[in-house]
Amino acid sequence: MEKVLTKDSPVKTVNPTTNRIEMTFDVMSDDRIEDILRKADSAFTMWSRTAISERTTLLRKLARGFRRNREELARLAAVEMGKVYREGLTEADLCARVFEYYAEHGRRLLKDKPYEFNTKAYVTYQPLGVILSIQPWNFPYSQVVRNAAPIILAGNTFVLKHSSNVPQCAAAIERIFREAGCPEGVFSNLYIRGGQKPARSSPTTE
């Protein structure tokens, strides 16, 4: 009989070439989820007030981290979702270039822009808060990075709910953020199954 996965089932890596379970991650409790969201909210108060130069410095460190770990990232993508190894290397390099782009152009992108109207006006860009990002498995790194780079550059904090079949890729991304010196709470992972809803919070997963 086929096993039915419930919200309490572990998030797991199932190698698509062997159908073997490579690793499991316990589904987070509601209390753990609440703790992560509280830390993200607290970090937003700090991160939103940091200088653009500090944010772009972090993005440059992240670019170096993705290049330094490109072989591991490619291997994990191959194991978790069957990506060809050389394509995994290319995806890791793409992530590095995305971080570098926003690091180079971040100050210009966030600069106030004049707006022609009946009176003097301008468009300004202000951080919003904690951003929940729900991502698919097919590009396990670049889909995340193309969201995370501008969101974090703009002074927001980023909570990732990645696809349930690529938990090791999600963990690797979080580790690279940590090694780059990212402040706690600015980037976080949620290990929850699709459809799981925290008891006291309202984000809806895939």
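The pLDDT is the predictor's confidence in each residue, on a scale from 0 to 100. The structure is a predicted model, in which local features need a pLDDT of at least 70 and side-chain atom pairs count only at 80 or more, while totals for chains, interfaces and linings use all residues. Residues are numbered from 1 along each chain as its sequence is written, and side-chain values use heavy atoms, with hydrogens and water left out.

Across the chain the mean pLDDT is 87, and 89% of the residues reach 70 or more. Helices (H or I, at least four residues) and strands (E, at least two) are DSSP runs, numbered from the N terminus.

On a 1 Å grid over the protein atoms alone, a cavity is a set of points where a 1.4 Å probe fits but cannot get out, whereas a pocket is an open set with protein on both sides within 12 Å along at least five of seven lines; lining residues have an atom within 4 Å of a point. Points are joined across faces, edges and corners, and a volume is the space filled by probe spheres set on them.

The largest pocket has a volume of about 310 Å³. Its lining has 16 residues, with Glu174, Glu184, Gly185, Phe187 and Ser188 nearest the centre. Helix 1 (30–47), helix 6 (167–179) and strand 7 (187–189) each supply at least two of the lining residues, and helix 1 has the largest share, with four. By class, seven are nonpolar, three polar and six charged; here Ala, Val, Leu, Ile, Met, Phe, Trp, Tyr, Cys and Pro count as nonpolar, Asp, Glu, Lys and Arg as charged, and the others, Gly among them, as polar.

One cavity of 30 Å³ or more is found in the whole structure. The largest cavity holds about 60 Å³ of space, and its lining includes Val11, His162, Pro167 and Tyr191. Six nonpolar, four polar and one charged residues make up this lining.

Helix 1 also contains Trp47. Trp47 has a relative accessible area of 1% and is therefore buried (under 20%; exposed is over 50%, and partly exposed in between, with a 1.4 Å probe and protein chains only). Beyond four places in sequence, the contacts of Trp47 include Leu58, Ile152, Asn156 and Val186. Trp47 and Asn156 are 109 residues apart along the chain, yet their C-alpha atoms are separated by 7.0 Å.

Note on methods. Contact = heavy atoms within 4.5 Å.
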